[in-house]
Amino acid sequence: MSRSIEREIRIEAAPEVVYEVISTPEHLRAWWPDDAELEAVPGATGTVGFRQAEGTKVVAVTVVEAEPPRRFAFRWDYDGEVATAENSLLVTFDLVPVDGGTLLRFAETGYDEAAKSDAVLADHTSGWDYFLPRIAPYVDKLAQRP
């Protein structure tokens, strides 16, 4: 059985808006990492950073796909190595327009290919379960700006 994390979230905003929120550092920092430096261009490399008690954990990311407003995907390796297909996890956001809003389909795969432990899977599952629900309220706040 393949191990992965998959979630679906309904967001009351157009896919174009949601795409910006999941692919640009300014917006990413509002709902996910404490810091983000990346460009939404296939092949581009960047970083996301998470503040922890012992300092900021910086993780390298490589953008795999950037197809506004439908799909954004990147690879990341939380162990500090350069992300490759053999050692990293693939995060994919697919955006489907539905009834004036967006269905965000999220997946993080590669746990088996990259030989990631059940502990890493459990940690990422709880992490994504915390962060993904923050997207819709953030988008709602954006819509209320003058």
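What pattern does the chain follow, read along the sequence? I looked this up before anything else. The chain follows β-α-α-β-β-β-β-β-β-α-α.

**Entry: ground rules**

I note that this is a predicted model, where local features need pLDDT of at least 70, side-chain atom pairs count only at pLDDT 80 or more, and totals for chains, interfaces and linings use all residues. Residues are numbered from 1 along each chain as its sequence is written, and side-chain values use heavy atoms, with hydrogens and water left out.

**Entry: the whole chain**

I counted the elements and found four helices and seven strands. Helices (H or I, at least four residues) and strands (E, at least two) are DSSP runs, numbered from the N terminus.

I then looked up the extent. The C-alpha trace spans about 45 × 35 × 30 Å along its principal axes. The radius of gyration, taken over C-alpha atoms, is compared with a globule rule of 2.2 Å times the number of residues to the power 0.38. For 146 residues a compact globule would come out near 15 Å, and the chain has 15 Å, so the two agree.

Next came burial. I use buried for under 20% relative accessible area, exposed for over 50%, and partly exposed for in between (1.4 Å probe, protein chains only). Of the 146 residues, 45% count as buried. The chain exposes about 7,600 Å², and carbon and sulfur atoms supply 52% of that area. Accessible areas come from the Shrake-Rupley method with a 1.4 Å probe; for residues, only the protein chains shown count as cover.

I also checked contacts, meaning heavy atoms within 4.5 Å. Among contacts with a separation of 6 or more, residues 24 or more positions apart account for 47%.

**Entry: charges and salt bridges**

I looked up the charged side chains and found 14 positive and 26 negative, with the centres of the two sets 3 Å apart. Lys and Arg count as positive and Asp and Glu as negative, while His and the chain ends are not counted. The place of a charge is taken as NZ of Lys, CZ of Arg, CG of Asp or CD of Glu.

How many salt bridges does the structure hold? It holds 12. A salt bridge here is a side-chain nitrogen of Lys or Arg within 4 Å of a carboxyl oxygen of Asp or Glu. Side chains of opposite charge can pair when their charged atoms come close.

I looked at Arg3, which forms a salt bridge with Asp112, the closest N and O atoms being 2.9 Å apart. This pair links distant parts of the chain: Arg3 is in the segment before strand E1 (5–11), and Asp112, 109 residues apart from it, is in the loop between strand E7 (101–109) and helix H3 (118–131). Arg3 is buried at 18% relative accessible area, while Asp112 is partly exposed at 36%.

I looked up two further pairs. Glu37 bridges to Arg29 with closest N and O atoms 3.6 Å apart; Glu37 is partly exposed at 45%, and Arg29 is partly exposed at 34%. Arg70 bridges to Glu67 at 2.9 Å between the closest N and O atoms, and Glu67 is partly exposed at 30%. Salt bridges that share partners join Arg3, Asp112 and Asp118 into one network.

Is Thr102 buried or exposed? Thr102 is buried, because its relative accessible area is 0%. I placed Thr102 in strand E7. Not counting residues up to four places away in sequence, Thr102 touches residues including Ile9, Ile11, Val18 and Leu95.

Ala60 is in strand E4 (residues 55–67), and is partly exposed at 29%. Leaving aside neighbours within four places, its contacts include Gly46, Thr47 and Trp76.

**Entry: backbone**

Most residues other than glycine have a negative phi, and most peptide bonds are trans. I looked for departures. The peptide bond from Pro68 to Pro69 is cis, with omega near -10 degrees. Pro69 lies in the loop between E4 and strand E5 (71–76).

Asp99 has a positive phi, near 45 degrees. I found Asp99 in the loop between strand E6 (89–98) and E7, exposed at 75% relative accessibility. Ala115 also has a positive phi, near 55 degrees. Ala115 is in the loop between E7 and H3, and is exposed at 66%.
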